[in-house]
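Subject: Structure handover

Hello,

The structure I promised is below, and my notes on it follow.

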Amino acid sequence: MTEKLTHFDERGAARMVDVASKPETHRVAVATGTIRMRPETLALILSGTAKKGDVLGVARIAAIQAAKRTSELIPLCHLVPLTSVAVDFIADEENARIECRARVECTARTGVEMEALTAVHIALLTIYDMCKAVDRGMSMEAIHLAEKHGGKSGSYVA
């Protein structure tokens, strides 16, 4: 791989990438990830009777809020004016897991991959937080960028 890392200047110092000369384009990023748990924990979440309330509803709001605040969490990220954040959960009862899928969109000079990834991480962490009293063995895995569209580099699909 011969490409250089863009968050470092010629001296190797960290920097925020200058995107001023880039055109504004419609950009989309989709990230996914999974949280595994005991079957009883998943049943509790799906029944809506968890002690702390609607686990997936709270996790969805947390994910949207996290996407909007990504630049506050990741030091060199740009503040991006998001136009859409959609978060979905898919329960897999056979394997006792929940997949989270976050789709983030904007019209800007830089992409929203970090916002989508942050949304998934925070959604899964929120599920963990709300259910840890009954299942501390939950594990988050396979968090990744599933696809991105727009910008100079075009489309990417994992």
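The side chains of Arg103 and Glu105 form a salt bridge, with N and O 3.1 Å apart; the term stands for a side-chain nitrogen of Lys or Arg within 4 Å of a carboxyl oxygen of Asp or Glu. Glu105 is buried at 16% relative accessibility, while Arg103 is partly exposed at 29%. Here buried is under 20% relative accessible area, exposed is over 50%, and partly exposed lies in between (1.4 Å probe, protein chains only).

This is a predicted model, in which local features need pLDDT of at least 70 and side-chain atom pairs count only at pLDDT 80 or more, while totals for chains, interfaces and linings use all residues. Residues are numbered from 1 along each chain as its sequence is written, and side-chain values use heavy atoms, with hydrogens and water left out.

Salt bridges

The whole structure holds seven salt bridges. One of them joins Arg109 to Glu24, with the closest N and O atoms 3.9 Å apart. That pair connects distant parts of the chain, 85 residues apart: Arg109 is in the loop between S3 and H4, and Glu24 is in the segment before S1. Arg109 is partly exposed, at 34% relative accessible area. Glu72 and Arg69 also meet through their side chains, at 2.8 Å from N to O. Glu72 is exposed at 56%, and Arg69 is partly exposed at 39%.

The sheet

Helices (H or I, at least four residues) and strands (E, at least two) are DSSP runs numbered from the N terminus. Five strands make an open antiparallel sheet in the order S2-S3-S1-S4-S5; strands count as paired if DSSP finds at least two bridges between them. S2 (82-92) and S5 (156-157) are the edge strands, each pairing on one side only. S1 (residues 25-36) pairs with S4 over eight bridges, and Val28 stands opposite His149 in S4.

Asp135

Asp135 sits in the loop between helix H4 (113-131) and strand S4 (139-149). Asp135 is buried but has no salt bridge, and the nearest side chain of opposite charge, Arg38, is 4.1 Å away. For charge, Lys and Arg count as positive and Asp and Glu as negative, with His and the chain ends not counted. Leaving out residues up to four places away in sequence, Asp135 touches Met37, Arg38, Thr41 and Tyr128 (contact being heavy atoms within 4.5 Å).

Regards
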